[in-house]
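Here is a briefing on a chain–chain interface and a cavity. Please look over the model first.

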Amino acid sequence: MPETVKLRFGEAVNAALRRAMETWPEALLYGEDVAKPGGVFGVTRRLRNDFGERVFDTPISESAIIGSAVGAAMMGRRPIVEIMWIDFTLVGIDQVINQAANVRYVSNGALSAPLTIRTQQGATPGSCAQHSQSLEALFAHVPGLRVCLPSTPQDAYDLLLSAVACDDPTLVIEARGLYAGEREEVVIGGPIAPVGGSRHRQHGSDLTMVTWGATARTAAQAAQALAAEGISTDLIETVWLNPFDTDAVLSSVERTGRLLVVHEANVTGGFGAEVIARVAESGVALRAAPGRLGLPDLRVPAAPHLSAAVLPTADRITDAARRIVAGTPVFCR
Amino acid sequence: MTSHQPAEIGDLAAMQRIRSFEEKTRELSLARQIIGSVHLSIGQEAIPVGACAVLQPQDAVFATYRGHGWALARGVPLAPSFAELLGRSTGLNGGRGGSPYFSAPQYGFFGENSIVGAGAPIAVGAALAARYDGSGRVAVVSFGDGATNQGAMHEAMNFAAAFSLPVVFVCENNTYSELTPIAEMVGEPELWRRAAGYGMPGSRIDGNSVTTVRDAMAAAVDRARAGEGPSFIEAMTERLVGHYIGDVEHYRPAGEVASAWQREPIGRLERELVAQGVTEAVCRAAVQQAADEVERAVAEALAAPLASAEDVKEHLYA
């Protein structure tokens, strides 16, 4: 029976993992420091105690972690592996892009790799350039791979379960900055949704704001600030980048005629470019040039005041929104 | 026919089946009926045939893009294999895989791979699954000498050894890493010696002797099935053809290939069988029967329609 509990973002991930392990006897949970230590962010605590050998620690070997998940998944297991930081997925990226995402198509559907890779990203104060990247566009580019980015405890719970239930390889990108956030009410034990969809966080008529992941909460703050000055924002959080809810974006833009996409990833080649391209291709008439706000094409600087100077803050988002409403193009690079 | 026919007659036919399949494949490729890059294993047939002889149906085999022989040795039928190369509707993978991605899980063949060394972590995962599913499965992964220099191989071997997983790592050392001699690319050319560093047994064997391969594999598979962990077998062999069809092999010393033909596994087994008293006629009959089977299969594949493009977008997602 569903129940409502108060959980932080990281605790909601833990609750989802617990339910996944209970729901699917074939589920395995492993990665670096996830079992006995309970994860460097504490997200996998107590699961080793409760699920025994199905939860285990691995060598520091991202290629072997992801690759073994591909092989185990092909054999009927349902592995959930943690890659501690998304930056480290690059160490094992062959196994994600060339292998996991490839299995079903080249075997003509005879094989599949239902594995889930959990990782986290986003710049937090003092995190260095190899621990701060936002790489979602890299993975959303790859056919065969499902990608989602939760930003609330409820979505951290729901999307992870959707990912584990899915028979495709799925990347769940959590937001490190949110793990230890406030406790919020989370319904646990409810139905598990199929992958896909988006969240309509705020209804408005002047501007469509599209965001996901680490900037979703900042964008919501910005939308509230804009409301106070009379700019009504339609805020859509596209929690899945693959499958992407194009219809939700288009139906909003049809109403508002204005579009701002906000993400923390570098602007060039970021998924914001894809969102704007889809709107442009649709032929929806816009009242102003669309804009995207992200990290300018930089490495993330380590010093907190330097990274704060370039990341999309609520102030920068409201400024970009004002410019679009005023008909002034936004150049974020 | 003699009344006494040793089991190796079956090995002879199995190796010839692969040889004929690949010779026909080369012919179809040069005639531009098979389009795209194809990597043949002519000369290396004793390794998959010897290795697969000791496997059971639940075991999982992973190979490289030079892996047609492993698929066939696992029992994958010839006609759908040709059909895959020819892009036919009856192809193993509906034309989506092609030469370097044969897969047929119903035969315990979980796929070729065209990324050097990438199959090893996946095989380790198949072995990992065996810990939980009670299948008693052993995973076998073959790879070339060049693959041993890939990071993924190192991660996979350590991972398997750390958890005593039932994996047999089979290095098919044909002495060339694509176009470059392996000896020039390593500090220790006896690759099997690396196994000790991972805490697993390693051995270097004559990979052109099907019986030697079978014996070494039997020991490694028994060990794996008994829960004693992975093994590394370096099977020495020689590639009698280029890295790919069309490779002129300018990098190989004069006479090397001609010399290698004196040691190739099919003729060698025939000579051994004759020395044991099997008549040449019996050997020739086994070889001819395998060659005939290949001819019938290719005709069947060529008679099938091309794979339909109507469903080309299907099978990407569940």
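Chain A and chain B share 14 residue pairs in polar contact, with both residues at pLDDT 80 or more. A polar contact is a pair of N or O atoms within 3.5 Å; within protein, one must be able to donate a hydrogen and the other to accept it, and residues adjacent in sequence count only if both atoms are side-chain atoms. The model is predicted: local features need pLDDT of at least 70, side-chain atom pairs count only at pLDDT 80 or more, and totals for chains, interfaces and linings use all residues. Residues are numbered from 1 along each chain as its sequence is written, and side-chain values use heavy atoms, without hydrogens and water.

**Interface**
- Contact (heavy atoms within 4.5 Å) links 43 residues of chain A with 35 residues of chain B.
- Met75(A), Tyr105(A) and Asn108(A) supply 23% of the area that chain A buries against chain B, more than any other three residues.

**Largest cavity**
- The space in the largest cavity is about 190 Å³, the volume filled by probe spheres set on grid points joined across faces, edges and corners.
- A cavity is a set of points on a 1 Å grid over the protein atoms alone where a 1.4 Å probe fits but cannot get out, and lining residues have an atom within 4 Å of a point.
- Its lining has 20 residues, with Met74(A), Val103(A), Phe110(B), Gly111(B) and Glu112(B) nearest the centre.

Conventions. Chains are lettered from A and ligands numbered from 1 in the order in which they are written. Buried area is the accessible area (1.4 Å probe) that two parts lose on being put together, summed over both. On a 1 Å grid over the protein atoms alone, a cavity is a set of points where a 1.4 Å probe fits but cannot get out, and a pocket is an open set with protein on both sides within 12 Å along at least five of seven lines; lining residues have an atom within 4 Å of a point.
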